[in-house]
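Q: Hi, I'm new to this one. Could you walk me through it?

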Amino acid sequence: MAENHVLIDDILKNQSERMMNLKKFYPFFALYETSFSQYKEGKYQSLDMGYLTLSLLRFFINENNFNENDVTYEMVEKFLRQILRRDFGLEESETEETELIRYIFDKIRNDGRPFTFSFFDPEEKKMKTSYVKLIESAIRDENVVYHITGDGIEFFLSTKEVKDESPLTTEQLLLEKMIRSENFRGGIDVIRRMNIEVTRLKKKRDEVIKILLRDIYEGTKAAKDYMDSTSLWFEEERKSFAKNKALVDKAVGRMAAGHDSKGMRDITILETELKKTIESHSELIAATAELSRITDELVERSKLKQLRTVFDFNNALSVMEKNDSPEDMAHIFMPFLMPKIEKSFSAFLVDNIVTSKSEDNLKGEVRENEPVDLNFEYEDEKFSKVVGKNLGLLFKELLDRLLRWEKVTLSELNAILEIKFGKEIYENRDYYSFLVHLAKKDSYSMKIMKDETETFLEKMAWETLSDADKELYKDISFNIEYMPDEIVIGDRENESEEDEASKEGKMLIRNMAFHRC
């Protein structure tokens, strides 16, 4: 009975989600069944609407996302005309072709209306209708332009990855559409798939190293294949990450201005996941660069090992047979026929037996094979660790104040930090980075940070705190309040002056108050 209950519960709860995942395929099969028999008395029945649909979607992905161009109807007409003539051998007058292309494009666009996909929801016990569009239109500079939708990209990528593009690049095309349409939940799923892909590439890199250590020839081939399929797209992937990060930042600003708490929660999760992916992708780039260095080093070692004296008797015999020169056999046998050299021990060495050196001193230098250092760190990685440590240290100072006081303002915190670290604190860029990261949330809780760190600052702070510090600050939670006044950073001597002109050229920031709760 229990198993039956689990089965029924799985069917009921997941049916709606499964149908929503299937909806992206519906427009294609609706178009695939489109018959040309009713158009022009079946004159064009040989045309395949499924092929035309997929070709046009690939054209839109190339123009909209890879080339970042708007698509006009004239561009669509030129592309479809080329397809019809090249692949179907269509030979019609220009007027006939123009009418046919308009008919095909209107069918794929469904005359500008979304395709309706109806299904039964067993939980709510009613029919639901979902709407899907492959191509949407917009007015730009008084011209009609067309773009592929997120559903269109997701459907096309589900059939097969775009040729000559990395999975991360194609996933980011879909992520861009999700962010622009404010489908943040869908974007979170896309980012998590990207995380899985980055993790897969890291594991594959480790497997290549194992092959290199086992077989240098197979390992070199595997390393080359890995570099060709992975590092080739690093620059494009970086650009896509930067573009999507900028879109997320704009979305955060819009949500904050509109006070949309639900949307803000989703976009915050998406922003956090994207930061993790960017950080993980940077680690992948560093690991791939390290793989190249390891490969070169292992190949060099292998070459040195092979530079030893070896004589191949089979090869020598083959050369003699080829040259028909049996006299060359003398070069092989003569060393074995040399006179036997008798060895003897000189009697004069008996006197030196007691004073002679140990045989250990006669041994050659023992050369150990140094293992490959897989924990090599680049300068930018070391710099990132220093920045993270500084951010964590500043967060600890704030927690220490709140442990003693119920409330502390930013100006009071500045004074404490200036006493402790000197005025050089205002010349440290990490301090301003700390304030920016701190302002990304309105409240912080050490209990929540223990289970999950949502932001980069929380992660750095938690990793910097010792076990004793975590136990000391475990119950601290605080809210951030933005005060109406502004404070001058780095110039406390003129803080009492009211003249605004005296603040020219100095950094003014909004004062904040941190309340322990």
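**A first look**

A: Happy to! Let's start with Ile294, which is found in helix 11; helices here are DSSP runs (H or I, at least four residues), numbered from the N terminus. This is a predicted model, where local features need pLDDT of at least 70 and side-chain atom pairs count only at pLDDT 80 or more, while totals for chains, interfaces and linings use all residues. Residues are numbered from 1 along each chain as its sequence is written, and side-chain values use heavy atoms, with hydrogens and water left out.

Q: Is Ile294 buried or exposed?

A: Ile294 is buried, because its relative accessibility is 0%. Buried means under 20% relative accessible area, exposed over 50%, and partly exposed in between (1.4 Å probe, protein chains only).

Q: How far apart are the C-alpha atoms of Ile294 and Leu212?

A: They are separated by 9.0 Å, and the two residues sit 82 residues apart along the chain.

Q: And what does Ser280 touch?

A: Ser280 touches Val198 and Lys202, not counting residues up to four places away in sequence. Contact means heavy atoms within 4.5 Å. Ser280 is also in helix 11, which covers residues 261-306, and it counts as buried because its relative accessibility is 13%.

Q: New topic: how many salt bridges are there?

A: A search of the whole structure finds 25 salt bridges. A salt bridge is a side-chain nitrogen of Lys or Arg within 4 Å of a carboxyl oxygen of Asp or Glu.

Q: Which residue does Glu271 meet in a salt bridge?

A: Glu271 meets Lys440, at 3.9 Å from N to O. This pair links distant parts of the chain, 169 residues apart: Glu271 is in helix 11, and Lys440 is in the loop between helix 16 (429-438) and strand 6 (443-445). Strands are DSSP runs too (E, at least two residues). Glu271 is buried at 12% relative accessible area, whereas Lys440 is partly exposed at 38%.

Q: What about Arg102, which residue forms a salt bridge with it?

A: That is Asp106, with the closest N and O atoms 3.7 Å apart.

Q: Last one: what is the mean pLDDT of the protein chain?

A: The mean is 77, and 80% of the residues reach 70 or more. pLDDT is the predictor's confidence in each residue, from 0 to 100. Over residues 492-505 the pLDDT is below 50. Where pLDDT is low, the predicted coordinates should not be read in detail.
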